[in-house]
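This briefing walks through one protein model, from its overall fold to helix packing and then to charged side-chain pairs. Please keep the sequence and the coordinates in view while reading.

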Amino acid sequence: LETANALQDSPYYQESLANFYANTREWEKAIPVYEKIVNNHGCLGWEGQECWIRAHLQLAKAYEEVGEGSGAVEYYTRLLEIWKEADPDLPALLEARSGLERLPASS
């Protein structure tokens, strides 16, 4: 996965690598990869948008895992803003709202 990322700047490869790091609880490695997806592939209306949207939620969770509440709040909030017109019962939105409820407002 690291080789694939070095060869091609693709949110699909980046998401695979970030998810590997998250699944192995290597949060410090997952965070910069998720940040790269969020910052470099952001927009709606293209086939990679699912990776981009999901990266907001995963990044928030990663920040929560390392105790960086302000980062978690930022990305949970961004996801809710991106999908402000979405169906309110989407699992990702429910998860983001739940994350914000867990964290102190001034994290």
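Two residues are in contact when heavy atoms of theirs lie within 4.5 Å. On that basis, of the contacts in the protein chain with a separation of 6 or more, 43% are between residues 24 or more positions apart. The model is a predicted one, and its secondary structure comes to six helices and zero strands.

**Overall fold**

- Read along the sequence, the protein chain follows the pattern α-α-α-α-α-α.
- The protein chain has 107 residues, and buried residues make up 38% of them.

**Packing of H2 against H3**

- Helix H2, which covers residues 11-23, packs against helix H3, which covers residues 27-40, at an angle of about 155 degrees and with the two axes 8 Å apart.
- Because angles over 145 degrees count as roughly antiparallel, H2 is described as roughly antiparallel to H3.
- The crossing of these two helices, H2 and H3, is left-handed.
- On the H2 side the contact is made by Pro11, Gln14, Glu15, Leu17, Ala18, Asn19, Tyr21 and Ala22, while H3 contributes Trp27, Lys29, Ala30, Val33, Tyr34, Lys36 and Ile37.

**Packing of H5 against H6**

- H5 and H6 pack at an angle of about 145 degrees, and their axes are 9 Å apart.
- The crossing of H5 and H6 is left-handed.
- From H5, the residues Val73, Tyr76, Thr77, Leu79 and Leu80 meet a set in H6 that consists of Ala92, Leu93, Glu95, Ala96, Arg97, Gly99, Leu100 and Arg102.
- The residues in this contact of H5 with H6 divide into eight nonpolar, two polar and three charged.

**Salt bridges**

- Side chains of opposite charge can pair when their charged atoms come close.
- With a cut-off of 4 Å between a side-chain nitrogen of Lys or Arg and a carboxyl oxygen of Asp or Glu, the count comes to eight salt bridges.
- One of them joins the side chains of Glu95 and Lys61, with an N to O distance of 2.6 Å.
- Since Glu95 lies in helix H6 (residues 91-102) and Lys61 in helix H4 (residues 49-65), this pair ties together parts that are 34 residues apart in sequence.
- Another salt bridge brings together the side chains of Arg78 and Glu74, at 2.8 Å from N to O.
- Arg78 and Glu74 are four residues apart in helix H5 (residues 69-82), so about one helical turn separates them.
- Arg78 counts as partly exposed at 32% relative accessibility, and Glu74 is likewise partly exposed, with a relative accessible area of 34%.
- Lys84 forms a salt bridge with Glu81, in which the closest N and O atoms are 2.7 Å apart.
- In that pair Lys84 is exposed, with a relative accessible area of 53%, whereas Glu81 counts as partly exposed at 47% relative accessibility.
- A network of salt bridges links Glu15, Glu50 and Arg54; Glu15 is also among the H2 residues that make the contact with H3.

Terms used. Residues are numbered from 1 along each chain as its sequence is written. This is a predicted model: local features need pLDDT of at least 70, side-chain atom pairs count only at pLDDT 80 or more; totals for chains, interfaces and linings use all residues. Side-chain values use heavy atoms; hydrogens and water are left out. Buried means under 20% relative accessible area, exposed over 50%, partly exposed in between (1.4 Å probe, protein chains only). Axes are lines fitted to C-alpha atoms, for helices over the stretch in contact, and angles run from 0 to 180 degrees between N-to-C directions. Angles under 35 degrees count as roughly parallel, over 145 as roughly antiparallel, 65 to 115 as roughly perpendicular and the rest as oblique. A crossing is left-handed if the near helix is turned anticlockwise from the far one by less than a right angle, and right-handed if clockwise. Ala, Val, Leu, Ile, Met, Phe, Trp, Tyr, Cys and Pro count as nonpolar, Asp, Glu, Lys and Arg as charged, and the others, Gly among them, as polar.
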